[in-house]
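Visitor: I have a structure open here and would like to be walked through it. Could you put it up for both of us?

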Amino acid sequence: MEHKSLGRSGLQVSVVGLGCNNFGRRCDREQTAAVVHKALELGVTFFDTADIYGPRGLSEEYLGAALQGHRREAIIATKFVGPMGEGSLWGGASRRYIFEAVGASLRRLGTDYIDLYQIHFPDIRTPVEETLRALDDLVRQGKVRYIGCSNFAGWQVVEAQWTARNQHLSPLVSAQNLYNLLDRRIERELVPACNAYGLSVLPYFPLASGFLSGKYRSGQALPEGTRLAEAGPMAERVLTEENFGTLAKLEAFAESRGRSVLDLAIGWLASQPYVACVIAGATKPEQVEQNVRAAEWKLTSDELAEVDAITRPDQSGR
Ligand code: NAP
């Protein structure tokens with residue numbers, strides 16, 4: 001397993017990580033343990049969860065339980081901001097709420113430190129200096145090792161890094177945003193901001209919720225028990241004719257090199273220098289095996305150019 005530095009920090013993370021938003025929802029405690037233990041066995045060190053994954057923080061709870069006895073092999077990334085209760089005091093990025101949220105996450109995870117504590121979404125009601133100062137206090141207390149952001153725009157990354165620099169606070173080391181072969185919008189502003197200000201990108205929905213595994217076929221019944229078979233806004237957004245058209249081209253490209261489109265989806269992300277870790281979600285141990293293997297494909301510059309010709313944002317208007 002290849003490792004990369006997380007932003008401008010000394011932390012080395014496995015290039016394939018495990019997204020944990022299925023835990024407590026589509027995976028019970030036993031299934032979670034099976035997936036997490038397979039990941040550890042294959043050398044995955046990076047586990048990404050959030051307080052709001054699963055009802056009442058169940059993803060953190062199941063992940064923490066699965067990592068008992070393995071804490072030193074694992075890098076735990078979690079997040080705060082999303083609503084964890086009724087009313088305006090149970091969410092956001094205020095100093096008051098952050099101190100509440102970190103205690104609750106540590107309890108559910110069964111650990112006394114979080115490796116990467118991420119601001120899940122920008123909180124426009126809270127000055128970024130207040131958030132960064134509270135997070136810096138947690139770093140100094142040892143409850144948190146590094147901090148990151150998620151769903152920030154490029155300018156919000158710049159604002160945060162300038163604030164951290166001017167106030168001598170811990171800087172952000174990572175930006176977690178939607179990024180995959182079907183949606184390359186972050187390349188316009190966020191990626192250049194991350195490159196200039198020392199953040200790694202942690203792409204979420206790397207497989208477009210499983211679509212880029214190739215298991216959904218145009219005009220055929222959706223495979224039972226899969227995420228996109230559950231009707232909802234995600235399935236409507238992803239299962240479009242346009243996406244099936246792009247998928248067919250990506251499949252042809254991958255197959256001409258003896259690879260699968262899943263290999264391409266993960267290998268392409270892992271080949272980007274600004275991507276530290278591809279946090280693919282999984283519901284079964286076999287999926288983790290396939291996802292780890294996929295990152296072995298390091299695309300050449302010619303191959304990257306061919307993928308650009310299929311998916312380049314300035315051609316598709318995305
Ligand atoms: P994803 O990685 O694009 O898709 C994961 C789904 O793809 C799995 O649940 C599984 O679905 C399917 N899958 C995975 N490996 C497969 C394989 N080898 N073959 C066939 N199907 C496979 O989406 P994601 O899990 O939602 O995103 C990754 C992580 O990013 C999350 O777990 C979470 O940690 C994070 N995230 C963050 C945000 C944010 O706002 N910061 C938002 C979303 C996600 P089945 O259920 O069909 O088995």
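Visitor: Which residues lie nearest the centre of the second largest pocket?
Guide: The second largest pocket is lined by 14 residues, and those nearest its centre are Leu178, Asp183, Arg185, Arg237 and Val238. A pocket here is an open set of points on a 1 Å grid over the protein atoms alone, with protein on both sides within 12 Å along at least five of seven lines, and lining residues have an atom within 4 Å of a point.

Visitor: Before going on, what kind of model is this?
Guide: This is a predicted model, in which local features need pLDDT of at least 70 and side-chain atom pairs count only at pLDDT 80 or more, while totals for chains, interfaces and linings use all residues. Residues are numbered from 1 along each chain as its sequence is written, and side-chain values use heavy atoms, with hydrogens and water left out.

Visitor: How do its lining residues divide?
Guide: The lining of the second largest pocket divides into six nonpolar, three polar and five charged residues. Ala, Val, Leu, Ile, Met, Phe, Trp, Tyr, Cys and Pro count as nonpolar, Asp, Glu, Lys and Arg as charged, and the others, Gly among them, as polar.

Visitor: And how much space lies in the largest pocket?
Guide: The largest pocket holds about 880 Å³ of space and is lined by 43 residues, with Asn21, Asn22, Phe205, Ser209 and Arg227 nearest its centre. Its lining divides into 17 nonpolar, 18 polar and eight charged residues. Helix H7 (233–238), strand S10 (278–281) and helix H10 (285–294) each supply at least two of the lining residues.

Visitor: How many cavities of 30 Å³ or more are there?
Guide: A search of the whole structure finds one, a cavity being a set of grid points where a 1.4 Å probe fits but cannot get out. The largest cavity has a volume of about 30 Å³, and Leu89, Trp90, Arg96, Tyr97 and Glu100 line it.

Visitor: New topic: how many residues does the largest nonpolar core have?
Guide: The largest nonpolar core has 89 residues, and Leu18, Phe47, Tyr117, Phe211 and Leu264 have the most contacts inside it. Helix H9 (residues 261–270) gives the most to this core, with eight residues. A second, separate core of 12 residues includes Leu6, Leu11, Val13 and Ile279. A nonpolar core is a set of buried Ala, Val, Leu, Ile, Met, Phe, Trp, Tyr and Cys residues joined through side-chain atoms within 4.5 Å. In soluble globular proteins, nonpolar side chains tend to be buried together.

Visitor: What is Phe47 in contact with?
Guide: Leaving aside neighbours within four places in sequence, Phe47 is in contact with several residues, among them Leu18, Val36, Leu63 and Ile76, where contact means heavy atoms within 4.5 Å.

Visitor: Is Cys194 buried or exposed?
Guide: Cys194 is buried, because its relative accessible area is 1%, and buried means under 20%, exposed over 50% and partly exposed in between (1.4 Å probe, protein chains only). Cys194 lies in helix H6 (residues 190–197), and, apart from neighbours within four places in sequence, it is in contact with Ala175, Leu199 and Val201.

Visitor: Where is His168, and what is its phi near?
Guide: His168 sits in the loop between helix H5 (154–167) and strand S8 (172–178), and its phi is near 55°, a positive value in a residue other than glycine. At 65% relative accessibility, His168 counts as exposed.

Visitor: Which side chain makes a polar contact with the side chain of Arg108?
Guide: The side chain of Glu60 does, at 2.7 Å, and Arg108 itself is in helix H3. A polar contact is a pair of N or O atoms within 3.5 Å; within protein, one must be able to donate a hydrogen and the other to accept it, and residues adjacent in sequence count only if both atoms are side-chain atoms.

Technical notes. Helices (H or I, at least four residues) and strands (E, at least two) are DSSP runs, numbered from the N terminus. Grid points are joined across faces, edges and corners, and a volume is the space filled by probe spheres set on the points.
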